[in-house]
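Me: I would like to go through this structure term by term, with each label set against its criterion. Please show it before we start.

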Amino acid sequence: MRERTDVLVVGAGPAGLAAALALKQLGAGSITVVDREAEPGGIPRLCHHVGFGLRDLRRIYSGPAYAREYARRAAAAGIAIRPATTVTDWHAATTLAYTSPDGLGEIEARAVLLATGCRERPRAARLIPGSRPAGIYTTGSLQRYIYEQSLATGKQAVVVGAELVSLSALLTLRHSGAAIVAMTTRHRQHQIPHLLRPVKWLVADLLARTTLYPFTRVSRIFGEPRVEGVEITDLANGETRTLGCDTVVFTGGWIPENALARRGGLQLDWRTRGPRVDQGFHTSVPGVFAAGNLLRGAETADYSAL
Ligand SMILES: Cc1cc2nc3c(=O)[nH]c(=O)nc-3n(C[C@H](O)[C@H](O)[C@H](O)COP(=O)(O)OP(=O)(O)OC[C@H]3O[C@@H](n4cnc5c(N)ncnc54)[C@H](O)[C@@H]3O)c2cc1C
C-alpha cells in the first residue's frame, strides 16, 4: 500500500508531536505522525511521576498526562497519528517503508522529520562481566514492566547512575515496593541538575535516604538464575565492595535511536551520534529533518518539544 502526505513525522514523542503541531499552525498541509508503540506520547507515557511540561506547556504534568495532552492537541489540530507503525527503511529520499498490524506499506512525503528519540545503554553495551541472571533493567524497561505490563520486578535494587533519569528509577522502584540498596556513579557526586528545583520536594527525601557510592564502577554482577549482588570498585584506590541485591537498574548512558538515520545515509555528528543538522534542523539529505533527543540524548521533554 502506498500513501501520500505533505509531512511525515517518525516518532510521536514530545519532539515529534510538538513539531507536528507547529507545522500545522504554519500551514504545512497534511501531516502524518507514525510511532511503533501502541499509544502516542513517547517516553513520558511510562514516567508516572511529575516533572513534565514546565517550559513548553507552562504547567507541571505527570509523564502520562503530558503525553496525553500532546496527543489530544495533535488530534484536535487534524494531525493523523498512526500508532503501532514501525518505519523500517527508505524507498526514496522522502519515501519511507513501514510495518504495522495491517501489513507492510510505504508513505511518500514532501518532507520527513525524524524524531525517534534515544535510549539508555544496557548492561551488554557497558561491558560489565559476570553471570547473566534475570533482574537487570534499564529505567525504560523497568518502567515498562511495572507500569505497562504489571510484572513483578525485585525487592532490593541497586541503581547504577545518579543523574536526572536515575531519580525516575528511584521513584519507580519506590512505587513497586522495592528497597533501594544504593546508587552508584562514576562521578564524584550525583549529577542531578539545579533545574530540578521545581520538583525538589518530590525527591529530596528519597535522595537523602539513598546511600550513594560516588566515584565507583560496577565491576561484576553475580547470581544465577537471578541477580544476587554486584561488586563495585572504588575508582580512587581500586578497593572492591559487594552489595547484595536482586535487581540492578542501569540508568542514563544515552544512545540516539539513529538506526533509521544511518540507514538513510544521513551524516552523523561524531560527538552526539545523532544526525548532523543546521540551524533549521535540516539534515544532510534534502527534505529530511531531525529533532528532539535523537540529536543529543538526553534533554528533558520540554526542551525536546521546544
Ligand atoms: C526514565 C525517564 C524519566 C524521565 N523523566 C523526565 C522528567 O521528569 N521530566 C522531563 O522533562 N523529561 C524527562 N525525561 C526525558 C524525556 O522523556 C525526553 O526528553 C523526551 O521523551 C524526548 O522526546 P523525543 O520526542 O525526542 O523522544 P521520545 O520520547 O523517546 O520519542 C521517540 C518516539 O519515536 C518512536 N520511534 C523510534 N523509532 C521509530 C521507528 N523506527 N518507527 C516508528 N517510531 C519510532 C518511539 O517509539 C518513541 O515513541 C525522562 C526520560 C526517561 C527515560
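Me: Which helices and strands each supply at least two residues of the shell around the ligand?
Reply: In this predicted model, the helices on that list are α1 (14–25), α3 (139–148), α4 (164–176) and α7 (301–305). The strands are β3 (50–52) and β6 (86–92). Helices and strands here are DSSP runs numbered from the N terminus (H or I over at least four residues for helices, E over at least two for strands). Residues are numbered from 1 along each chain as its sequence is written. Because the model is predicted, local features need pLDDT of at least 70 and side-chain atom pairs count only at pLDDT 80 or more, while totals for chains, interfaces and linings use all residues.

Me: What makes a residue count as near the ligand, and which come nearest?
Reply: Its C-beta atom, placed from the backbone, must lie within 6 Å of the molecule. The residues around the ligand number 37, and G11, G13, G42, G117 and G292 come nearest. By class the shell has 15 nonpolar, 16 polar and six charged residues. Ala, Val, Leu, Ile, Met, Phe, Trp, Tyr, Cys and Pro count as nonpolar, Asp, Glu, Lys and Arg as charged, and the others, Gly among them, as polar.

Me: Which domains does the shell draw on?
Reply: At least three of its residues come from each of domain 1 (2–119 + 255–305) and domain 2 (122–252). Those bounds come from an automatic or database domain assignment. Taken over C-alpha atoms, the domain centres are 29 Å apart. Domain 1 puts 10 residues into the contact and domain 2 puts in 11, where contact requires C-beta atoms, placed from the backbone, within 7 Å. On the domain 1 side, six of these residues are nonpolar, three polar and one charged.

Me: How are α1 and α2 oriented to each other, and how do you know?
Reply: Their axes come within 10 Å and cross at roughly 30°, α2 being residues 63–76. Axes are lines fitted to C-alpha atoms, for helices over the stretch in contact, with angles from 0 to 180 degrees between N-to-C directions. Angles under 35 degrees count as roughly parallel, over 145 as roughly antiparallel, 65 to 115 as roughly perpendicular and the rest as oblique. α1 and α2 are therefore roughly parallel. P14, L17, A18, A20 and L21 of α1 meet Y70, A71, R73 and A74 of α2. That contact has eight nonpolar residues, no polar ones and one charged.

Me: What is the orientation of α3 to α4?
Reply: These axes also come within 10 Å, crossing at roughly 25°, which makes α3 roughly parallel to α4. T139, L142, Q143 and I146 represent α3 in the contact, and V165, S168, A169, T172, H175 and S176 represent α4.

Me: Which hand does the crossing of α3 with α4 have?
Reply: α3 passes α4 in a left-handed crossing, a label used if the near helix is turned anticlockwise from the far one by less than a right angle (right-handed if clockwise). α1 passes α2 in a left-handed crossing.

Me: Where is the cis bond that involves P225, and in which loop does P225 lie?
Reply: The bond runs from E224 to P225, with omega near 5°. P225 is in the loop between β14 (216–222) and β15 (229–234). Another cis bond joins G297 and A298, with omega about 0°, and A298 sits in the loop between β19 (288–290) and α7.

Terms used
Two residues are in contact if their C-beta atoms, placed from the backbone, lie within 7 Å.
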